[in-house]
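User: I want to learn how to read helix packing and helix faces. Can you take me through a case?

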Amino acid sequence: MTNDPTATTEVEPVVDTTDVARRLEAILLIVEEPQSLVSLAAAVSAPVPAVRQAVEALVDDYDGRSGGPVRGFELREVGGGWRLYVREELDDLVSEYVGGQAPSRLSQAALETLAVIAYKQPVTRSQVASIRAVNVDSVVRTLLARGLITELFADAETGAINYGTTDALLTHLGINSLDELPHISPLLDGADEVAEGAEEGGRR
């Protein structure tokens with residue numbers, strides 16, 4: 001023990017795990033891909049051990065091991081990261097709701113994504129995201145659930161799924177084939193690239 005009056009003892013800061021868990025929930029509600037503990041720690045400005053403890057507490061809470069009910073969603077570790085998922089036994093319920101009970105009106109983001117797929121197909125999710133310069137994962141899931149697009153095939157080299165439109169889209173638009181689609185709006189992000197791709201497809 002030192003008698004140096006200037007010496008200081010470092011004290012570990014006390015972390016409120018409950019507050020960390022609340023902040024984690026806010027982040028987990030909006031992420032599209034599983035997040036590592038390090039990424040989550042950076043997002044909520046908390047030490048990794050505290051985040052790990054909070055994640056474990058949330059898992060127990062959602063799974064009903066903390067005295068409460070089992071939730072309709074779960075916090076699952078996939079590929080080294082954590083993300084909220086609908087419980088498997090409720091997948092059919094959610095699919096039915098999204099496909100039949102959700103409002104028929106599509107958002108602007110969904111309409112733009114659908115236009116890119118219609119003019120550029122077959123096209124992968126990453127290609128659509130590159131054209132629109134935004135993440136389109138949730139929008140693609142919505143369009144799939146509505147039956148407006150479908151998975152055509154997986155790329156032999158990368159395994160990426162290629163998407164295309166369905167006959168249901170033609171029915172909604174009141175046209176017989178994609179050849180009847182109007183020229184793509186110049187206001188759509190990436191319109192020039194999409195139009196060029198469509199023209200090249202038509203010449204092949």
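Analyst: We look at helix packing, then at helix faces. Keep in mind that this is a predicted model.

User: How are α1 and α2 oriented to each other?

Analyst: Start with the angle between the axes. An angle of 65 to 115 degrees counts as roughly perpendicular. Here α1 (residues 17-28) and α2 (residues 37-44) pack at about 105 degrees, with axes 10 Å apart. The two helices are therefore roughly perpendicular.

User: Which residues make the contact?

Analyst: From α1 come V20, R23, L24, I27 and L28. From α2 come L40, A43 and V44. By class, this contact has seven nonpolar residues, no polar ones and one charged.

User: Which residues of α2 are buried, and what do they pack against?

Analyst: Buried means under 20% relative accessible area. In α2, L37, L40, A41 and V44 are buried. Down the helix axis they fall within an arc of 100 degrees, so they line one face of α2. They pack against α1, α3 (48-62) and β2 (81-86). The face turned away from the buried side carries the exposed V38 and A42. After α2 comes S45, with a positive phi near 55 degrees.

User: Where do the buried residues of α7 fall, seen down its axis?

Analyst: In α7 (residues 137-145), they are D137, V139, V140 and L143. Their arc is within 165 degrees, so they line one face of α7. Their packing partners are α5 (108-120), α6 (125-132), β4 (149-154) and β5 (161-165).

User: What follows α7?

Analyst: G147 follows α7, and its phi is positive, near 75 degrees.

How values were computed:
Residues numbered from 1 in each chain as written. Predicted model: local features only at pLDDT ≥ 70, side-chain atom pairs only at ≥ 80, totals over all residues. Heavy atoms only, no water. Axes fitted to C-alpha atoms, helices over the stretch in contact; angles between N-to-C directions. Helix = DSSP H or I, 4+ residues; strand = E, 2+ residues; numbered from the N terminus. Parallel < 35°, antiparallel > 145°, perpendicular 65-115°, else oblique. Contact = heavy atoms within 4.5 Å. Nonpolar A, V, L, I, M, F, W, Y, C, P; charged D, E, K, R; others polar. Buried < 20%, exposed > 50% of the residue type's maximum accessible area, 1.4 Å probe, protein only. Arc of directions from axis to C-beta.
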